[in-house]
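Thanks for making the time, everyone. Please have a look at the sequence and the model on the screen, and then I will walk you through a few details of it.

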Amino acid sequence: MTTIKSDFIKSREEFFNKIVEKFPHDKLSNLIVSHKIDETIFEKFSIEVKNFYHLSKKFNFQNMTPNGRLVPKKETDSAYNNILIYYREILHSMGLSNEISHYIIPVIRYKGENLNTLALNSPTRTELAHSDYWGGWGENTLLINIPISGDTKNNKVVYYDLPNDAGVDFMERRSSHEGEKYVNRCKKLQLDYEVGNMYICDISVIHGTSRAVNSKGRLSIDIPVAFKYHKTLQNNFLTSGAISAQEIQSLGKDFKLSWPSKMGQINGYEFHKITK
C-alpha cells in the first residue's frame, strides 16, 4: 500500500524539482539526483582540490579537524581560491548562476580508512546519519557532494529516502543522536558514488559516511548552496562563510579570499576579501 505524500514532502519536491530541472541529471530518488560534471572543468577542479590536499599533507594535516575537514589556511590561499573559481564554473555550466543567492564556502574533506579516534564520541561526526537541516541550514538550500578521488566504492556517502508521510518535524533542529528515530523511519539507498559526478539532494535528506571493511581513504567536497526562492525564504546560513552570487563573479578578477589563520590553528574559518 502506497502512503499518500504529506504536504511537507510535496513542498520539498516542488522546491527541489524547480532547481534540478535546469540541468541534465539522473534521478536517484524523489529528492536526490546526480549530474555528470563537464569533463574539462572537472579535471581542472579536481587538480586544484588535490593540490590543496597535498599542501595540507605537506603540513602534516595541521588544518584537519577530527571530522576530516581540511580547513583553508593562509598557506593554502592560492589553491583554495582556484577551487572556488572552478566550483563557480561548474554551477555556471549547469545553468544555475541566476538561481543562486549565495555560495557557501565548500568543505574539502578527507575521510581516512578508519574513523578518527578524536571523533569517536563527537555528536557531529558524519558517520552518524543526519540531515544538514538539523544543523541550521535553511529551507532554501540544497546539498552538493562531489567525490574527487580515492576509494569511493567502499568509503562513500550514503543516502536515505524520507518516508512519504514525513512531516515538518523532520526539519526541526536536533543532534544526530536525537534524530536516530527519524533515521529509522527512512530507507537506506544503495547508490553508486562515482568520481566525475555531482550528487545533489534536498537539505532535508538524511545521509552519512559509510566505510566497508578494508576501505581506503577518500577525498571529496560537500557544500550547501542557498537559492533565491522558497515560499518561506530562509537565509539562516553562516554569513561569515558565504559569498553572494553577484560578488563571486568577480572572484579572481577584482578580489581574492584570504584566511588570516595559519596551519596549526584549527579554529578560524573566517576569511578576508583582498582587493587585487
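Let me begin with Tyr160, which in this predicted model stands opposite Lys188 in strand 9. As a reminder, strands of a sheet pair through backbone hydrogen bonds.

Now to the charged side chains, where the structure holds 8 salt bridges. One of them brings together Asp222 and Arg109, at 2.9 Å from N to O, and this pair links distant parts of the chain, since Asp222 lies in strand 12 and Arg109 in strand 5, 113 residues apart. What is the exposure of Asp222 and Arg109, buried or exposed? Both Asp222 and Arg109 are buried.

Another salt bridge joins Glu247 and Lys273, with the closest N and O atoms 2.8 Å apart. This pair also links distant parts of the chain, with Glu247 in helix 5 and Lys273 in strand 15, 26 residues apart. Here Glu247 is partly exposed at 28% relative accessibility, and Lys273 is partly exposed at 40%.

Finally, Lys5 and Glu13 meet in a salt bridge at 2.9 Å, N to O, where Lys5 is partly exposed at 33% while Glu13 is buried at 11%.

Methods: Residues numbered from 1 in each chain as written. Predicted model: local features only at pLDDT ≥ 70, side-chain atom pairs only at ≥ 80, totals over all residues. Heavy atoms only, no water. Pairing = 2+ DSSP bridges. Helix = DSSP H or I, 4+ residues; strand = E, 2+ residues; numbered from the N terminus. Salt bridge = Lys/Arg side-chain N within 4 Å of Asp/Glu carboxyl O. Buried < 20%, exposed > 50% of the residue type's maximum accessible area, 1.4 Å probe, protein only.
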